[in-house]
Amino acid sequence: MIKKSNRGRRRRLTDPIQARDSFDATESKIAIAGHPLHAMMVAFPITLAFCTFAADGLYWWTGDPFWPRVGLWSAGVGFCVGVLAGIVGTMELLAVAGIRIRSASWTHFILAVMLLSMLGANWIIRLDDAEAAILPWGALLSMVTAGMTAITGWHGGKLVFDYQIGTQPGHRDPP
Ligand code: HEM
């Protein structure tokens with residue numbers, strides 16, 4: 001219950017993070033002509049994580065030794081480009097105040113580091129014998145990694161579409 005003396009002068013709560021001047025400074029700095037480099041690079045680990053899962057499934061189904069080679073290369077290239085995309089994303093996170101200040105950016109960072117560890121493990125277990133590595137652990141790891149890729153990618157999209165991170169607020173095309 002509000003005391004009589006406080007009636008009419010209820011204080012509005014302000015979010016101390018939102019109150020900072022840097023809150024709206026979300027424009028990408030690691031970009032080509034305003035287009036974030038990270039967003040262009042993540043397409044590769046996302047696609048290749050699903051390719052690895054598909055290759056494992058096709059090997060299980062057909063027994064064709066072609067598929068373990070596909071899995072080995074897609075897991076390896078997915079991991080390497082994923083690490084590069086992660087480095088670019090981390091540079092963005094540290095360099096742009098409006099990205100650094102939001103907890104959602106750090107959630108994405110933690111999800112991404114977990115994903116990169118899985119992508120790396122899925123590659124390393126295949127290096128000795130790509131065919132023997134698939135059943136059961138390679139296929140299982142590919143399935144979990146594909147799920148984690150979906151979660152991390154969805155969350156990355158949330159950063160852009162919900163929080164306008166990496167965008168150019170107020171930018172208008174010249175007439
Ligand atoms: C390791 C550290 C990572 C950091 C610090 C990071 C940071 C960011 C940031 C700041 C953005 C906003 C757009 C921009 O400014 O570039 C973003 C978007 C995004 N991230 Fe990451 N990221 C990381 C790794 C990953 C990985 C491994 C994936 C792969 C699934 C990923 C998927 C995405 C997606 C899909 C977007 C949305 C792109 C768009 O729709 O434009 N991120 N990330």
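Trainee: Which helices each supply at least two residues of the shell around the ligand?
Mentor: Helix H1 (37–41), helix H2 (43–62), helix H3 (66–95), helix H5 (103–124) and helix H6 (134–163). Helices here are DSSP runs of H or I, at least four residues, numbered from the N terminus. This is a predicted model, where local features need pLDDT of at least 70, side-chain atom pairs count only at pLDDT 80 or more, and totals for chains, interfaces and linings use all residues. Residues are numbered from 1 along each chain as its sequence is written.
Trainee: Which residues come nearest to the ligand?
Mentor: Gly-86, Gly-89, Ala-112, Gly-156 and Gly-166, of the 31 residues around the ligand. A residue counts as near if its C-beta atom, placed from the backbone, lies within 6 Å.
Trainee: Switching to H5, which of its residues are buried?
Mentor: Ser-105, His-108, Ala-112, Leu-115, Met-118, Leu-119, Asn-122 and Trp-123 are buried. Buried means 20 or more other C-beta atoms within 10 Å of the residue's own, exposed means 12 or fewer, and partly exposed is in between; C-beta atoms are placed from the backbone.
Trainee: Where do they sit around the axis of H5?
Mentor: They fall within an arc of 145° seen down the axis, so they line one face of H5. The arc is taken over the directions from the helix axis to the C-beta atoms.
Trainee: What is on the face turned away from the buried side?
Mentor: The exposed residues Ser-103, Ile-110 and Val-113 of H5.
Trainee: And over residues 106–125, how far apart are the end C-alpha atoms?
Mentor: They are 29 Å apart, and the chain there is 95% helix and 0% strand.
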